[in-house]
Amino acid sequence: MESKPLCKTTEIEEGKSREFEVGNKKILVSNVGGKFYAIDALCSHMGGDLGKGKCEGHDVICPKHHARFNVQTGKVDKNINGFFKAMTRKEATDLKSYEVKENDGELSVEL
């Protein structure tokens, strides 16, 4: 694994998320209760930009079709509704999560 620098801890407010491009990946880093988590930043359903999604507790909500992902694990907490599943013939699947390290107020992600 390779550690990639991201930003200062003060640059992501508690209860908020921020998107980063690390190499060829888009990563979403979230601050939940002062602890930082990282998952893929694109929704597995239709590629919605989770960086534009709303944070609620441990979840980020996709702005496209409202799938909910746990920012700690990348797991789907609530899938899209039946109408969108039928229309797209696809549902949201779990996202990859990444370890975030904090060192002297600086965040990095392990890829």
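The exercises below work through cysteines, a sheet, a histidine and charged pairs in a predicted model.

Residues are numbered from 1 along each chain as its sequence is written. Because the model is predicted, local features need pLDDT of at least 70 and side-chain atom pairs count only at pLDDT 80 or more, while totals for chains, interfaces and linings use all residues, and side-chain values use heavy atoms, with hydrogens and water left out.

**Exercise 1. Determine how many disulfides the structure holds, and explain the result for C7.**

Start from the criterion, which is a pair of cysteine sulfur atoms within 2.5 Å. For C7, the closest cysteine sulfur belongs to C55 and lies 14 Å away, which is too far for a bond. C55 is likewise in no disulfide, since the nearest cysteine sulfur to its own, that of C62, is 12 Å away. The count of disulfides is therefore zero. As for accessibility (buried is under 20% relative accessible area, exposed over 50%, partly exposed in between, with a 1.4 Å probe and protein chains only), C7 is buried at 6%, whereas C55 is partly exposed at 25%.

**Exercise 2. Give the strand order of the open sheet of four strands, and state which strands stand at the edges.**

Strands are DSSP runs (E, at least two residues) numbered from the N terminus, and two of them pair if DSSP finds at least two bridges between them. The order is β5-β6-β7-β8, with antiparallel pairing. β5 (54-56) and β8 (76-78) each have a single partner strand, so each is an edge strand with one side left without a neighbour in the sheet. Within the sheet, β6 (residues 59-61) and β7 (residues 68-70) are joined by three bridges, and D59 stands opposite N70 in β7.

**Exercise 3. Describe where H45 is placed and what its side chain touches.**

H45 belongs to the loop between β4 (35-40) and β5, and with 1% relative accessibility it is buried. Its side chain makes a polar contact (N or O atoms within 3.5 Å, one able to donate a hydrogen and the other to accept it; residues adjacent in sequence count only if both atoms are side-chain atoms) with the side chain of T88, at 2.9 Å. Beyond neighbours within four places in sequence, the residues in contact with H45 (heavy atoms within 4.5 Å) include H65, I80 and F84.

**Exercise 4. Count the salt bridges and identify the linked network.**

With a side-chain nitrogen of Lys or Arg required within 4 Å of a carboxyl oxygen of Asp or Glu, the count is nine. One of them joins E11 to R18, with closest N and O atoms 2.9 Å apart. The network links K54, E56, D59 and R68.
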